[in-house]
Amino acid sequence: MTGFWGAVLLLVFCFNTFCFAQVGEGFSSEDAATFKGLAEAVLNDITNSSPGKVNSAVKLLLDLEGNVSDAHKASVCSSSANHLFSAGQDVKTAYYALSTTNLLGCPPASASDTTKTAMTTLLGLSDPSLNELYFAVMLDLESTQGKTLNLGAVKASLADLSNNGLYADDVEGVATISNSWRVLNMLQALLGAFQNDADLEQLAVAHLEYLPTAADDDIADAKLLAGLVSLQPGLKLKSKQTRAIVGDLVALKHTPSVCTAMKVYRAFRAAATLPNAPLVLKLPASTVAYAKAGVSVDVQVQDLLGAPAAVGEVALAHLVSDEGDEDAARRPFAARGADLFSQTLALEPAAYQLDVEVATAAGGKAKFRKRLVVTIPLEVRGVAVGVDAAAAPSGEGEEWRGRFGPGARAAAAAGHWLQVAFDVVDAEGQAFAPHQAFVQLVHAETGLATYFVAAPDGAGRLRAAVRLAEEAPTLMHRSGTYRVALQVGDAVAAAAVGADLGEVELALPAENVKDPPLYKRALLYESDTTLAALPEKQHTFRPPARRGHPALASLFALAVAAAGAVLVGALLAAGGNLRGLAALGAAGAWALAFQGCLGATLLLFALYWLRLTMAACLTYLAPLALATMFVGHRALAALAALGGGGGGKEKVQ
């Protein structure tokens, strides 16, 4: 029960003291510079920027800076006037151009009669799309302050487009959250012209349902916050929901779109006005150098827009290192500026988790958890390298201090070991055990690098011993010159530590390649597993088949011609009369076509012997054979029908 009532009392305390929400980051000066750069990039390329982008860029600069430079203003005014003049029936372009003109105080301009007619037509539609309705209403409000607007028709159109508070692109479309910002912006503009309209206020307030709540199935848009806060000054949200909104805005602030950037900044600005607006605590430096006298730890406490926050006490409540050392003593930070607080802590080189408590001037409290790394310079000393027949120096091999000497060689066949031993010390010369220590061997010809771990040898030194016979596969059996180097790393190292150990010539056994049985391994195994370019394969293609002697080809072609002559002679001997075919009508035409197909087949055979290949001949013969079969069948059927009409006794001449 104690835990339960403790939780209840904590909730009551938080309710009475406005337990302030906290987030990892807000909208910083760096973000403001990035957003300004997005806007200026649009205005610098105004010729290729759409009126909508220019309008968003102008709004963003006015929100961030309060003004637009004279050079940009001149080009924007000129461009907007041109767009307004040439908009025609494009109500969208006309609205953006007129809005930009009014924002910058450009020379007075108005939409053309054609544009006004198009606007009136859209407002008179019984079922306009959301896009048509939005730009027609916004142009009317921008040009006449709503004096000619039929508010009832606008409400009816919104009702047709609405589905449980979300809006579709048209009356037959699906309602989505993506349209909510546009609808809320339009309602906000309408309420500026038609104040105290209960229906409009109800439609606008309904958008509160679509602010982020951190639920997994959230259908929400954090950018809606700006419009809702504008319509409801003093809007109060739960701390959890406020954190969810700011979290979404933090994710959105990295957008490359100037239109989204304008909406995100306005939402950040609105979030900063909430009664329980989150605070932002930052460490100006997340890594600090170790010092015997103590480490100076600084924190900054700001509001969401990067301005100094009004706070009371800022204190370190809990400290724990990655090794598990804890310190729960409460230590207040001393104020060093409007938003900067500092204190000196006796910390050893390590990574720490800091729990910082902030008491606001209004009595609220917030807790932050930050990570701090205390770093120290590291140095490699006492390097000894050698080639020996044992894992440890036996006195029979070669040994060098600092780096391999000229002509250093090692051979796997001789049972050689490559040995590297060294010490790592901190800035005070004390032995230091790094988290990572490697010996790097880089094959000079291919540039392929292989790493071997250096581990403590029990005598206070780090040592790596590479037995070449065993590690030949690791080195891919590549003999030759290797560049040897040390690489040492640790989370608390002030900088990367390394050492060049010179070069050594390694003689490794050749790889024993056995061809596996067919399909034992993947066909692309060699290319899938290689780390270097494979040797180029030269392909040799079979020469084309030789044709026969021209005399032989001519002989067979004459044989085919003779067969054709025999066919014609046989037809004439049998009493064939080609002239009589014309009198037979359709039957004669089919018969003539059949004779033509036979002649074409004989001609194709002759060409085959003279110049065609078999593949080409078969290609032509296949459709010709089908045509011959079809035409012959039709010819026989027609002649049979003609003969049957006379009882089968008439002779066709």
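Which helices each supply at least two residues of the lining of the largest cavity? The legends below begin with that view. The model is predicted, so that local features need pLDDT of at least 70 and side-chain atom pairs count only at pLDDT 80 or more, while totals for chains, interfaces and linings use all residues. Residues are numbered from 1 along each chain as its sequence is written, and side-chain values use heavy atoms, with hydrogens and water left out.

**View 1. The largest cavity and its lining.** α3 (51-65), α4 (70-86) and α5 (91-104) each supply at least two residues of this lining, helices being DSSP runs of H or I with at least four residues, numbered from the N terminus. A search of the whole structure finds one cavity of 30 Å³ or more, where a cavity is a set of points on a 1 Å grid over the protein atoms alone at which a 1.4 Å probe fits but cannot get out, and lining residues have an atom within 4 Å of a point. The largest cavity has a volume of about 50 Å³, taken as the space filled by probe spheres set on the points. Its lining consists of Ser49, Ser50, Pro51, Val54, Ser79, Ser80, His83, Tyr96, Ala97 and Thr100. By class, four of these residues are nonpolar, six are polar and none is charged.

**View 2. Aromatic pairs of Tyr95.** The count of aromatic pairs comes to 12, a pair being rings of Phe, Tyr or Trp (its six-membered ring) with centres within 6.5 Å, and planes under 30 degrees apart counting as stacked, over 60 as edge-to-face and the rest as tilted. The rings of Tyr95 and Tyr134 have centres 6.4 Å apart and planes at 80°, so this pair is edge-to-face. Because Tyr95 lies in helix α5 and Tyr134 in helix α7 (residues 130-144), the pair ties together parts that are 39 residues apart in sequence. Tyr95 is buried at 3% relative accessibility, and Tyr134 is buried at 4%, where buried means under 20% relative accessible area (1.4 Å probe, protein chains only). Tyr95 also forms a tilted pair with Phe135, at 6.1 Å centre to centre and 55° between the planes.

**View 3. Charges over rings.** Arg182 lies over the face of Tyr134, at 5.2 Å from the ring centre, and Lys263 lies over the face of Trp181, at 4.3 Å from the ring centre. A charge sits over a ring if NZ of Lys or CZ of Arg is within 6 Å of the ring centre and within 35 degrees of the ring normal.

Methods:
On a 1 Å grid over the protein atoms alone, a cavity is a set of points where a 1.4 Å probe fits but cannot get out, and a pocket is an open set with protein on both sides within 12 Å along at least five of seven lines; lining residues have an atom within 4 Å of a point. Ala, Val, Leu, Ile, Met, Phe, Trp, Tyr, Cys and Pro count as nonpolar, Asp, Glu, Lys and Arg as charged, and the others, Gly among them, as polar. Buried means under 20% relative accessible area, exposed over 50%, partly exposed in between (1.4 Å probe, protein chains only).
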